[in-house]
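Please keep the structure open beside the text and find each residue as it is named.

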4 protein chains.
Amino acid sequence: METVLLTGFEPFQGEALNPSWEIARTLSGETVANRFRIVAKRLPTAFSTAADELYSAIENARPRAIICLGEAGGRTQLTPERVAVNIIDARIPDNAGAQPQDEPIAHDGPVGYFSLLPLRSMVDAIRAAGAPAEISDTAGTFVCNYVFYKLLHHIHTYNLPITGGFLHVPYMTEQVLMKKAPGLPLDLMAKGVRAAVEAVVQSFPERPTLMC
Amino acid sequence: METVLLTGFEPFQGEALNPSWEIARTLSGETVANRFRIVAKRLPTAFSTAADELYSAIENARPRAIICLGEAGGRTQLTPERVAVNIIDARIPDNAGAQPQDEPIAHDGPVGYFSLLPLRSMVDAIRAAGAPAEISDTAGTFVCNYVFYKLLHHIHTYNLPITGGFLHVPYMTEQVLMKKAPGLPLDLMAKGVRAAVEAVVQSFPERPTLMC
Amino acid sequence: METVLLTGFEPFQGEALNPSWEIARTLSGETVANRFRIVAKRLPTAFSTAADELYSAIENARPRAIICLGEAGGRTQLTPERVAVNIIDARIPDNAGAQPQDEPIAHDGPVGYFSLLPLRSMVDAIRAAGAPAEISDTAGTFVCNYVFYKLLHHIHTYNLPITGGFLHVPYMTEQVLMKKAPGLPLDLMAKGVRAAVEAVVQSFPERPTLMC
Amino acid sequence: METVLLTGFEPFQGEALNPSWEIARTLSGETVANRFRIVAKRLPTAFSTAADELYSAIENARPRAIICLGEAGGRTQLTPERVAVNIIDARIPDNAGAQPQDEPIAHDGPVGYFSLLPLRSMVDAIRAAGAPAEISDTAGTFVCNYVFYKLLHHIHTYNLPITGGFLHVPYMTEQVLMKKAPGLPLDLMAKGVRAAVEAVVQSFPERPTLMC
């Protein structure tokens with residue numbers, strides 16, 4: 001069975017949990033479209049180690065598709081990201097204490113990479129599953145955009161047969177019980193991401209039927 | 001069995017549904033604390049008829065407690081309202097086309113009434129049920145505040161043994177699938193309101209046990 | 001010459017300035033409508049002392065009108081407040097370290113007082129002066145609402161011939177140079193408040209012309 | 001005397017004015033750093049004509065630097081844009097009625113171009129001039145990003161000696177007198193943009209002093 005890799009991040013900025021990882025591990029082990037198994041991997045929220053852990057996960061899972069998930073506190077919708085940009089500009093320190101400003105991610109890399117995911121059909125599928133969704137035009141300049149860019153740079157550099165991209169999610173309701181910020185429950189977000197994964201695998205070209 | 005009356009409003013401002021009514025009818029018929037049955041009533045979003053329909057519902061249900069629910073599009077939390085104010089100032093027409101500006105609700109009434117509901121324990125109960133909650137300091141100046149004020153004016157005028165108040169809720173996710181506004185799913189909001197009703201009935205003084 | 005008293009608050013919550021006081025002292029000494037002089041008074045942002053300082057200022061200035069100004073960080077408009085509510089519920093400590101929760105301001109006082117100011121014409125005047133304005137339906141439950149309520153309670157209790165009320169203002173641009181919150185420049189807000197004062201004094205009934 | 005070209009857009013989406021053009025024409029004709037004259041040019045808010053009008057303005061003005069200004073209603077700060085992205089995705093029709101979705105701007109162009117402007121020193125200069133500022137990570141996917149991308153594509157394609165980029169501005173206060181959206185006065189925004197222009201020309205390498 002082929003695999004779809006879902007990554008999430010460890011908590012940061014004092015939060016007790018990160019919805020991106022809660023969603024990924026909720027969906028871990030599920031089968032999609034009868035032929036894909038979801039594999040979940042937690043990444044550190046740190047520039048120094050996140051990319052290497054992503055590469056290891058890719059080597060281990062050898063996935064047909066990758067959706068990296070990240071927390072976008074303050075957003076109200078599940079937002080597939082359109083473009084990864086070759087820049088780091090951290091407004092807070094990452095979990096290892098690093099806070100680079102206005103630095104390129106890859107000195108030899110292009111300004112940006114477009115997501116390889118079928119954004120529009122993911123948005124439609126998430127909405128059909130009952131969760132709010134919209135394409136986002138910026139993944140920020142912190143560890144999320146960094147992992148997004150590194151993923152696409154890796155795929156393009158080694159010409160890997162992987163459909164990859166990034167999807168930001170709002171806070172979980174558990175995180176906003178006492179603060180005035182929008183949140184969505186885990187089960188609804190997991191439902192939305194599952195629908196997005198289905199949209200991704202349905203976008204793959206049909207394999208030729210072998211007659212015998 | 002005693003009753004708790006939950007009211008909700010019909011949709012307004014072009015929306016296809018009103019979460020306040022969806023929640024009320026979801027909980028309709030449920031039993032709370034083994035001795036209260038929830039009765040739901042839909043009110044028109046119109047100054048001319050909402051209060052009379054509320055009074056009829058009170059006469060029919062003879063409730064021990066009333067929580068009027070209303071939609072507060074843009075809010076992120078379930079918000080028990082602290083105070084009803086003797087003013088109508090409609091920024092949009094109601095469903096009957098009326099749009100009064102800066103008019104008192106009751107010429108003989110006080111400036112405001114405090115909610116009779118146990119606000120703090122409702123907030124705690126809603127959070128414990130997993131939904132975001134906070135006390136709100138304004139119910140606005142549209143039909144919600146009007147019904148809230150009329151309810152309390154009615155209770156005080158006739159000295160009714162009813163614990164009453166108002167609770168605003170955010171949009172339902174169905175309403176915000178395609179717009180950048182916060183929303184919560186119906187089941188989570190219903191869970192939160194159920195917990196709030198339980199907090200209300202638990203706040204009633206114990207009735208003396210009759211020995212025989 | 002008669003006087004109009006403008007009060008502002010000292011800075012709180014770590015801010016270096018409070019726009020309400022900056023505006024009041026900018027307008028201090030100005031003459032309005034040829035017969036009113038503006039007197040400015042700074043109040044402490046503390047429940048224990050704010051009201052007494054307000055009463056002293058009233059005794060000293062013997063004003064015909066009072067507009068208490070306060071900072072409402074996050075708002076985008078100058079907002080005359082409609083109603084003062086008999087409640088203290090402090091989400092942060094005041095400048096003296098006090099943080100009362102759910103306490104009445106005056107045990108013998110009514111639930112609310114409506115502002116005595118001509119709200120609608122103030123809003124019109126502020127807009128005509130080029131600043132955004134709207135009536136607000138809540139002054140919160142911190143020191144601003146406290147002073148607003150105490151002012152009206154004082155006026156009503158002693159039947160003082162004073163037209164009084166409250167007006168909240170946004171952050172000054174100096175406060176938001178580096179944060180994502182709306183702000184307005186001091187000169188524009190001072191212009192708006194001056195126009196509001198003019199609207200207030202123009203709302204006074206004409207004094208009879210004495211013929212001799 | 002060398003020139004700096006400032007472009008602004010015509011009003012769109014029912015607005016009576018566009019702050020980007022109001023700022024540009026306010027600064028038109030001013031001299032900066034004793035050797036640059038500001039030339040202002042208004043661009044149509046339309047995909048079909050905006051780029052050609054920009055190219056003509058470049059040919060006429062032969063500027064050393066170009067800052068294209070655009071309106072970002074809802075933002076609170078002046079925001080130099082970091083990156084132009086090769087995509088059009090219009091959520092509303094432009095002024096010519098066109099509303100392309102998910103289309104590339106240049107079939108032969110790269111995914112993105114970084115601004116050539118000194119973003120960080122522009123932000124510092126705007127703040128020093130008293131206006132709120134921050135680097136923005138997305139110029140959207142409407143006519144603003146389109147013009148930004150086309151400008152940089154033109155500069156790179158023809159290897160023009162021009163330092164160019166984009167800066168988004170909030171609503172003008174005139175646009176928000178009656179709505180709950182942040183706005184800044186024209187004179188403050190013009191002051192901020194003037195400071196940004198100065199930061200741009202100060203970033204140019206010194207020309208060698210000719211001795212004789």
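This is a predicted model: local features need pLDDT of at least 70, side-chain atom pairs count only at pLDDT 80 or more; totals for chains, interfaces and linings use all residues.

The elements that cover the buried residues of helix H2 of chain A include E1, strand E3 (36-43), E4 and helix H4 (143-157) of that chain.

**Helix H2 of chain A**

- H2(A) runs over residues 47-61, and its 15 residues reach 22 Å from the first C-alpha to the last, which is close to the 21 Å expected at 1.5 Å a residue.
- The buried residues of H2(A) are A:Phe47, A:Ala50, A:Ala51, A:Leu54, A:Tyr55, A:Ala57, A:Ile58 and A:Ala61.
- These residues lie on the same side of H2(A), because the arc that they cover around the axis is only 160 degrees.
- As a general rule, an α-helix has 3.6 residues a turn, so residues three or four places apart point the same way.
- A:Ser48, A:Glu59 and A:Asn60, by contrast, are exposed and sit on the other side of H2(A).
- Just after the helix ends, A:Arg62 takes a positive phi of about 40 degrees.

- Strand E4 of chain A, made of residues 65-71, is mostly covered, since seven of its seven residues are buried under the cut-off of 20% relative accessible area.
- Both faces of E4(A) are covered, with A:Ala65, A:Ile67, A:Leu69 and A:Glu71 buried on one side, and A:Ile66, A:Cys68 and A:Gly70 buried on the other.
- E4(A) pairs in the parallel sense with strand E1 (residues 2-9) of chain A over four bridges, and within this pairing A:Leu6 has A:Ile67 as its bridge partner in E4(A).
- E4(A) is also joined by seven bridges to strand E8 (residues 163-169) of chain A, again running parallel, and here A:Cys68 stands opposite A:Phe166 in E8(A).
- In general, the strands of a sheet pair through backbone hydrogen bonds, either parallel or antiparallel.

**Cysteines without a disulfide**

- How many disulfides does the structure hold over all chains? The count is zero.
- The reason can be followed for A:Cys68, because its sulfur is 9.3 Å from the closest cysteine sulfur, that of A:Cys144, which is too far for a bond, given that a disulfide needs two cysteine sulfur atoms within 2.5 Å.
- Seen from the other end, A:Cys144 is likewise in no disulfide, with the sulfur of A:Cys68 as its nearest cysteine sulfur.
- A:Cys68 is buried at a relative accessible area of 0%, and A:Cys144 also counts as buried, with 10% relative accessibility.

**A buried serine in chain A**

- Is A:Ser20 buried or exposed? A:Ser20, which has its place in helix H1 (residues 19-27) of chain A, counts as buried because its relative accessibility is 0%.
- The side chain of A:Ser20 reaches the backbone nitrogen of A:Phe9 at 2.9 Å.
- Leaving aside residues up to four places away in sequence, A:Ser20 touches A:Gly8, A:Phe9, A:Leu69, A:Gly70, A:Glu71 and A:Val169.

**Strand E4 in chains C and B**

- In chain C, strand E4 (residues 65-71) is largely enclosed by the rest of the structure, because seven of its seven residues are buried.
- E4(C) pairs in the parallel sense with strand E1 (residues 2-9) of chain C over four bridges, and with strand E8 (residues 163-169) of chain C over seven bridges.
- The bridge partner of C:Leu6 in E4(C) is C:Ile67, and C:Ile67 stands opposite C:Gly165 in E8(C).
- In chain B, B:Ala65 is found in strand E4 (residues 65-71), and B:Ala65 is buried with a relative accessible area of 0%.
- Beyond residues up to four places away in sequence, B:Ala65 touches several others, among them B:Thr3, B:Val4, B:Leu5 and B:Phe204.

**The sheet of chain D**

- Chain D has an open sheet of six strands in the order E2-E3-E1-E4-E8-E5, with mixed pairing.
- Strand E2 (31-32) and strand E5 (79-80) of chain D stand at the edges, and each has a single partner strand, so one side of each is left without a neighbour in the sheet.
- E5(D) is joined to strand E8 (residues 163-169) of chain D by two bridges and runs antiparallel to it, with D:Leu167 in E8(D) as the bridge partner of D:Pro80.

How values were computed:
Residues are numbered from 1 along each chain as its sequence is written. Chains are lettered from A and ligands numbered from 1 in the order in which they are written. Side-chain values use heavy atoms; hydrogens and water are left out. Buried means under 20% relative accessible area, exposed over 50%, partly exposed in between (1.4 Å probe, protein chains only). Two strands pair if DSSP finds at least two bridges between them. A polar contact is a pair of N or O atoms within 3.5 Å; within protein, one must be able to donate a hydrogen and the other to accept it, and residues adjacent in sequence count only if both atoms are side-chain atoms. Contact means heavy atoms within 4.5 Å. The expected span of a helix is 1.5 Å times one less than its number of residues. The arc is that of the directions from the helix axis to the C-beta atoms.
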